[in-house]
Amino acid sequence: MGIALPDSMRCVEISRPGGPEVLRPTTREAPIPGPGEVLVEVQAAGVNRPDVLQRTGNYDPPPGASDLPGLEIAGRVVAIGEGVMDWAADDKVCALVAGGGYAQYCAVPAVQVLPIPKGLSAVEAAALPETFFTVWTNVFERGALKAGESFLVHGGSSGIGTTAIQLAKAFGATVYTTAGSPEKCRACEKLGADRAIDYRTEDFVAVVKEATGGRGVDLVLDMVGGDYIQRDIDVLAPDGCHVSIAFLKSPKTTLNLMQVMLKRLTLTGSTLRARPVEEKGRLARALRAEVWPLIEAGTVKPVIHATFPLERAEEAHRLMESSAHVGKIVLTVEQPL
């Protein structure tokens, strides 16, 4: 059931591995929802670092996923696949997807779909799934952050960073973060960080150690890698946890594991895109129960830096790679009347 659907759609594809210029607006056949899926008419799609990695040929889609970039969308349900009971045509939703977000239409496993939180626009909702799924599973599940503990997140002005700062603060943690300019540091502190550290002029290990009386933090969320990993180990408190989610520098480094042993540290990490649909569905349910009420209350909000029309995805990627943004970059998708 649903509304009459077109046979084709506008989308942006990766014509070949390379720079932002390889993103090419084109027309493709519109997807059809399979069993357990819904078809979403996309009104907005988030832009994320994994999109950049895929564009450069360094992050292939998982088997069976669309080769189009785009890992999060918002819009309305326009068709329902066999066996779907929880969603109906015209429902306003956002969703985590394994690919295909840079398009007018996207087929999504129904369990990965969430309602657009009350009070949010489609553009704001499109900035939620990838970052909120990632932060929830890594900070609150793998990292087990609890009220009263201390937390350091690198890249505080990124989409992940702005989300992690707000959620950690909302759940009662003391929050430290790093950012690359005084302006970005001020933005992070406005979002709730207790101390934002300008990594260009300050040593985050020294600052955090001083702020914590030499103890260090209970959890580090790291997306930098390289030599940051040893420095993160230096700044962790006894029984602390280090969670890796990306590597802006390198996935390889040299570590002093004696500190891991002496401080009884846990080093872990995860990716999200290749996880089974059932696992993503479990995360969606957790977010709806634990985080959506905070968003609807205004306690936590997506931070939108800029929007671009779908056809200008190249410009959105150039901004992403410049790291000049604070928060999320979102593509808007114009639908036919």
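Is R215 buried, partly exposed or exposed? At 42% relative accessibility, R215 counts as partly exposed. Buried means under 20% relative accessible area, exposed means over 50%, and partly exposed lies in between (1.4 Å probe, protein chains only).

The model is predicted: local features need pLDDT of at least 70, side-chain atom pairs count only at pLDDT 80 or more, and totals for chains, interfaces and linings use all residues. Residues are numbered from 1 along each chain as its sequence is written, and side-chain values use heavy atoms, with hydrogens and water left out.

**View 1. The R215 and D218 pair.**
R215 and D218 form a salt bridge. Their closest N and O atoms are 2.7 Å apart. A salt bridge here is a side-chain nitrogen of Lys or Arg within 4 Å of a carboxyl oxygen of Asp or Glu. D218 is buried, with a relative accessible area of 14%.

**View 2. A salt-bridge network.**
E13, R24, R28 and D67 belong to one network, joined by salt bridges that share partners. The count for the structure comes to 21 salt bridges.

**View 3. E311 meets R10.**
The side chains of E311 and R10 form a salt bridge, at 2.7 Å from N to O. This pair links distant parts of the chain, 301 residues apart. E311 sits in the loop between strand 14 (304–309) and helix 11 (313–322). R10 sits in strand 1 (residues 8–14). Helices (H or I, at least four residues) and strands (E, at least two) are DSSP runs, numbered from the N terminus. E311 is partly exposed, with a relative accessible area of 37%. R10 is partly exposed too, at 27%.

**View 4. D90 meets R76.**
A salt bridge joins the side chains of D90 and R76, at 2.5 Å from N to O. D90 lies in the loop between strand 4 (72–80) and strand 5 (92–96), and R76 lies in strand 4, so the pair ties together parts that are 14 residues apart in sequence. D90 counts as partly exposed at 41% relative accessibility. R76 is buried, with a relative accessible area of 19%.

A search of the whole structure finds 0 disulfides. A disulfide is a pair of cysteine sulfur atoms within 2.5 Å. The C11 sulfur is 11 Å from its closest cysteine sulfur, in C106, which is too far for a bond. C11 is buried, at 2% relative accessibility. The C188 sulfur is 6.3 Å from its closest cysteine sulfur, in C185, again too far for a bond. C188 is buried as well, at 1%.

**View 5. A nonpolar surface patch.**
L255, L257 and L267 form a nonpolar patch on the surface. Together they have about 230 Å² of accessible area. Patches are made of residues with over 30% relative accessible area and no salt bridge; like charges are joined within 9 Å, nonpolar side chains (Val, Leu, Ile, Met, Phe, Trp, Tyr) within 5 Å. Accessible areas come from the Shrake-Rupley method with a 1.4 Å probe; for residues, only the protein chains shown count as cover. L267 is found in strand 13 (residues 266–269). At 38% relative accessibility, L267 counts as partly exposed.

**View 6. The chain behind the close-ups.**
The chain has 11 helices and 15 strands. Its C-alpha trace spans about 65 × 40 × 35 Å along the principal axes. Buried residues make up 56% of the 337 residues.
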